[in-house]
Amino acid sequence: MQPPLIDPFARAITYLRVSVTDRCDFRCTYCMAEHMQFLPKADLLTLEELERLCGAFVDLGVRKLRITGGEPLVRRNILSFFQAMSARLGAGLDELTVTTNGSQLARFAQPLADLGVRRINVSLDTLNPDKFAAITRWGRLPQVLDGIRAARDAGLRVKINTVALKGFNEDELFSLLDWCAGEGHDLTFIEVMPMGEMGEEMRLDQYWALSDLRARLDQRLTLTPLAERTGGPARYVRVEETGQKIGFITPLTHNFCESCNRVRVTCTGELFMCLGQEDRADLRAPLRASDDDDALRQTIRAAIARKPKGHDFDYTRGVAGQMSRHMSHTGG
Ligand code: SAM
Ligand code: SF4
């Protein structure tokens, strides 16, 4: 038995988000440049290294693992990785989840369900096929809707993640909500974050404060705040008229840092102790230096001992793309 990971602010680290690739079959305008420079393959952790790394975190008390990217389901042989993680379910790990753009779900939903995945997050910013093609550049809406249906048919609980984008999906607020209610999906809105250099001046123009979005919901619906806390930046309400649950992720406010229970690992094995800070630890070196996990565990512990109290996002400085890394690198 290893002692659990506790940070300097007495927060137990029980949730790991792992980006298994920086590649993606979409090019969402707020996430990637159209002609992205991806990392050299040799820099990426192999699936076996990812397995060892996640296994080490589970040994250290991580109970929830979310697989993300880039688009996790475009990584070759990704099911073998899920298979290995699935073996830890009930043996340290409580939950194995995925965040996906849905493009590959038609073929992966059932195998994922068979491996013990119970819930998935699917990103969907619009139900209009033309707008969908415009915002994702390379994505096609029917393919994603097919994927979402396959997920539901496989018994997966689907949560839709929608990035709130000024002038883009403001007019779809209620149609998205109604569609999710009809399909039985929860819905979470995400405030757009200043991540990565896009070479475009878009980010600040796209910013639609969730306080405004919520005020618009309030005008038509009765929203009851829920006590539910995930340790992350989401806050939930219940719509009394439909019973639907709506989440709001506002990473630019500090309202979640005190209860932060999570860390992130990139596809190159960099451990970020905070989404909004640059400090990181290289886990690839100890992984590759030795077959036993002692050095790896020591590096993880030393990093958690430096986990900061909170982040430093600040739009008031008026700089888009403040965090030099892309969301697809850290994993959203
Ligand atoms: N490709 C998968 C997907 O789109 O769900 C997983 C990775 S993606 C980086 C994870 C989440 O981050 C998505 O919900 C996406 O909408 C969100 N995201 C990407 N860039 C963002 C940004 N600049 N601000 C806020 N959310 C962002
Ligand atoms: Fe790909 Fe997801 Fe980024 Fe869109 S948000 S480009 S789907 S990684």
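The model is a predicted one, in which local features need pLDDT of at least 70, side-chain atom pairs count only at pLDDT 80 or more, and totals for chains, interfaces and linings use all residues. Residues are numbered from 1 along each chain as its sequence is written, chains are lettered from A and ligands numbered from 1 in the order in which they are written, and side-chain values use heavy atoms, with hydrogens and water left out.

The overall picture comes first. The chain holds 11 helices and 12 strands; these are DSSP runs numbered from the N terminus, with helices being H or I of at least four residues and strands E of at least two. Of its 332 residues, 57% count as buried, where buried means under 20% relative accessible area, exposed over 50%, and partly exposed in between, with a 1.4 Å probe and protein chains only.

In soluble globular proteins, nonpolar side chains tend to be buried together. Here the largest nonpolar core has 90 residues, and F57, F82 and L217 have the most contacts inside it. Helix α1 (residues 47–59) gives the largest share of this core, 7 residues. A nonpolar core is a set of buried Ala, Val, Leu, Ile, Met, Phe, Trp, Tyr and Cys residues joined through side-chain atoms within 4.5 Å. Leaving out residues up to four places away in sequence, F57 touches L5, L16, V62, V263, V265, L271, L283 and I300.

Two ligands can be described next. Ligand 1 is surrounded by 18 residues, the closest being Y30, G70, S123, V163 and M193; a residue is near a molecule or strand if one of its heavy atoms lies within 4 Å of it. A backbone N or O atom of M193 lies 2.7 Å from a nitrogen atom of ligand 1, and a polar backbone atom of G70 is 3.0 Å from a nitrogen atom of ligand 1. From E71, a polar side-chain atom lies 3.2 Å from a nitrogen atom of the ligand.

Around ligand 2 are C24, F26, C28, C31, M32, G70 and N101. This shell divides into 5 nonpolar, 2 polar and no charged residues, counting Ala, Val, Leu, Ile, Met, Phe, Trp, Tyr, Cys and Pro as nonpolar, Asp, Glu, Lys and Arg as charged, and the others, Gly among them, as polar. A search of the whole structure finds 0 disulfides, a disulfide being a pair of cysteine sulfur atoms within 2.5 Å.

The segment before β1 (15–19) contains R11, which is buried at 7% relative accessible area. Its side chain makes a polar contact of 2.6 Å with the side chain of D7, and a polar atom of the R11 side chain lies 2.7 Å from the backbone oxygen of C257. Beyond four places in sequence, the residues that R11 touches include L5, I6, E258, K307 and P308. A10 is also placed in the segment before β1, but A10 counts as exposed, at 63% relative accessibility.

Most residues other than glycine have a negative phi. A10, however, has a positive phi, near 65 degrees. Phi is positive in N77 too, near 60 degrees; N77 is found in the loop between β2 (64–68) and α2 (78–86) and is exposed at 55%.

Two loop residues are buried. T126, in the loop between β4 (119–123) and α4 (129–136), has a relative accessible area of 0%. The T126 side chain makes a polar contact of 2.5 Å with the side chain of E172, and a polar atom of that T126 side chain lies 2.9 Å from the backbone nitrogen of N128. M273 sits in the loop between β11 (270–272) and β12 (280–282), buried at 1%. Its contacts outside four places in sequence include R262, V263, D279 and P308.

Methods: Polar contact = N/O pair within 3.5 Å; in protein donor to acceptor, adjacent residues only side chain to side chain. Contact = heavy atoms within 4.5 Å.
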